Amino acid sequence: MTHRPTLRALAVAALTTVGAWNALPALAADPAAQPTRNVLRPEPDASATADARFQRLANDYIEALWRLDPDAAIAAGRYEYADRLPAPDSAMRARTLAFASDWLRRFEAVDAATLSAASRTDLGQLLNKLRSDRFQLTELREYEWNPSFLNIAGPIDYILATDYAPLPARLKTISARLAQVPAYYRAGAALLKQPTLEHTQLAIDQAPGVLGVLDEVAKAAQGPDAASLTAAERQQLTARIAAAKSAVNGYTARLKQWLAEGKASGKARSFRLGQALYEKKFGYDIQSTHSAEQMYQRALQAREALLTQMSQLSDQLWTQTMGDAPKPEDRFARIGAVIGKLSERHVKREDFVKEIRAQIPQLERWINDHDLLTQDASKPLIVRETPVYQRGVAGAGIEAPGPYRPQDRTYYNVTPLDDLTPEQAESSLREYNHWILQILNIHEAVPGHYTQLVYANKSPSLVKTLFGNGAMVEGWAVFGERMMLESGYGGNAPEMWLMWGKWNLRSVTNTILDYSVHVLGMTEAQALDLLQRQAFQTEREAREKWRRVQLSSVQLTSYFSGYSDIMELRERRRQALGKDFSVKAFNEQFLSYGSAPVSVIAELMSQPAAAAPKAQP
């Protein structure tokens, strides 16, 4: 699933989301200038170029954003304000809205026609990010119905685990932050109005993980690396940990009460967004030239094409997998039977995380041997078990450092199967069978999310890297799967292509599911039929996806949207360049623009003599 972590912003999650550029038709793409990580501030003079003036303005905005939202700063790798934990109350919301409106006014005053393509696309990215922030605050208002937005664990875990300063200094920062925790939970709880049952349960389920992070802080404070803390500092930290735990437990108790009341009354808010909110959120988050409804229709067409291919592969594999068994006429039954038989080949339950860890260097060698793109050996990937406080939405994901600290570790979080019943574990293992486990690792790690985010941190455009487009990020990971198989990975075996079809069908089905649930009112039974019978997912995988679609919106559409746009761009570049087209050159140039929307990258790659931008040191 994801990528650079979006820590839960205090007053508004919008500060780490992306705005849509399709509100700016004149720009033809989403904007991005090139403010570097250490922008020099020359004195304004008459000879200053429009690009230079815009870069200074963009840099000023980014620096102001970190002061307003310390959690977003931590996610980006900036820790100057990490000791702050503003209470997410009405006053903070008003300040955040005023901040977004003020900066939106400033950027709207910039004449896009005077900017270079790179700066013009940065401008569009910032404009739409700010418009998205306003939408989040004034229309979506998730802070009123999603209790899981109140979660202190992520930033604390980052401070504790990132060596930006000696451990005693980091513990003092955490102590200062913990002193504000009781007020944080009181303020956030006061804003909740009619929370959904599903998000309330999620917040309850994640509470033990939050307490676990606080236990890790206490443990670190007692270790030898924290020996320089004074007795008074240690005592103060201990007291603040206890108070923070009390606040978490008190909030959880209140959530349990809300959950019981909501179930009893039957009047809890629905988790479904509805068409109006969904279309707006889709526009800001996905940044496509297509509407949500149009993307849904495109997904239906892509689904039919995939099923046709999978039906042909199943016919090819029928005898060797099913022997003399009669072949069903129903294509779903026929494809499902072959996939079911092949899925019996999987790793042992106790080897699940170990096998994922072993496959990463194999994928890296394949990329090097087949010259698909250049990898950075100085940025190792660490496979670990998903921290408890992050569990409950997706089973695997990349946790990457922000652009200010690209030297920090990147984690591939994998949720182990230890707590599952034998039946549940077998269901998960069949879903992530011999072939699909490899495709998962391509998607999440190499050359998927991990590789893309390493490149993004080297982009000369800080705007594109910080406020990246989720559809590009997810789309690249899906594209990477296809690109690896096209290079011969898996030996062009029909089994691998059939399983890739099943996996790719999941991306397509994600879009169909998300729109159908949030806009068309699809029921749980209909969703499970779509996922299990029509998309060949195991029962456990289908039920986890049903849970995910209740807890998120629009994000599930990013996979298919980004992938289809990248495939179209690659074919356009192949036709335009003819014999000069290079897979490696395309991949590296595409990744060099940070996490910009695909349409932005398409515009920049089509510029005369376009070449990959040179990363700033």
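Phe54, Tyr61, Phe99, Trp103, Phe107 and Phe467 belong to one cluster, joined through ring pairs. The model is a predicted one. Across the whole structure, a search returns 25 aromatic pairs.

One of these is formed by Tyr185 and Tyr251, with 5.1 Å between the ring centres and 40 degrees between the planes. Planes under 30 degrees apart would count as stacked and those over 60 as edge-to-face, and this pair is tilted. Tyr185 belongs to helix 7 (residues 181-191) and Tyr251 to helix 9 (residues 231-265), so their contact ties together parts that lie 66 residues apart in sequence. Tyr185 and Tyr251 are both buried.

Because Tyr296 is in helix 11 (residues 292-322) and Tyr515 in helix 19 (residues 494-518), the pair ties together parts that are 219 residues apart in sequence. Tyr296 and Tyr515 are each buried.

The ring of Phe332 brings in charged groups. The charged end of Arg331 sits over this ring, at 5.6 Å from its centre. Arg533 also lies over the face of Phe332, and its distance from the ring centre is 5.2 Å.

How values were computed
Residues are numbered from 1 along each chain as its sequence is written. This is a predicted model: local features need pLDDT of at least 70, side-chain atom pairs count only at pLDDT 80 or more; totals for chains, interfaces and linings use all residues. Side-chain values use heavy atoms; hydrogens and water are left out. Rings of Phe, Tyr and Trp (its six-membered ring) pair if their centres lie within 6.5 Å; planes under 30 degrees apart count as stacked, over 60 as edge-to-face and the rest as tilted. Helices (H or I, at least four residues) and strands (E, at least two) are DSSP runs, numbered from the N terminus. Buried means under 20% relative accessible area, exposed over 50%, partly exposed in between (1.4 Å probe, protein chains only). A charge sits over a ring if NZ of Lys or CZ of Arg is within 6 Å of the ring centre and within 35 degrees of the ring normal.
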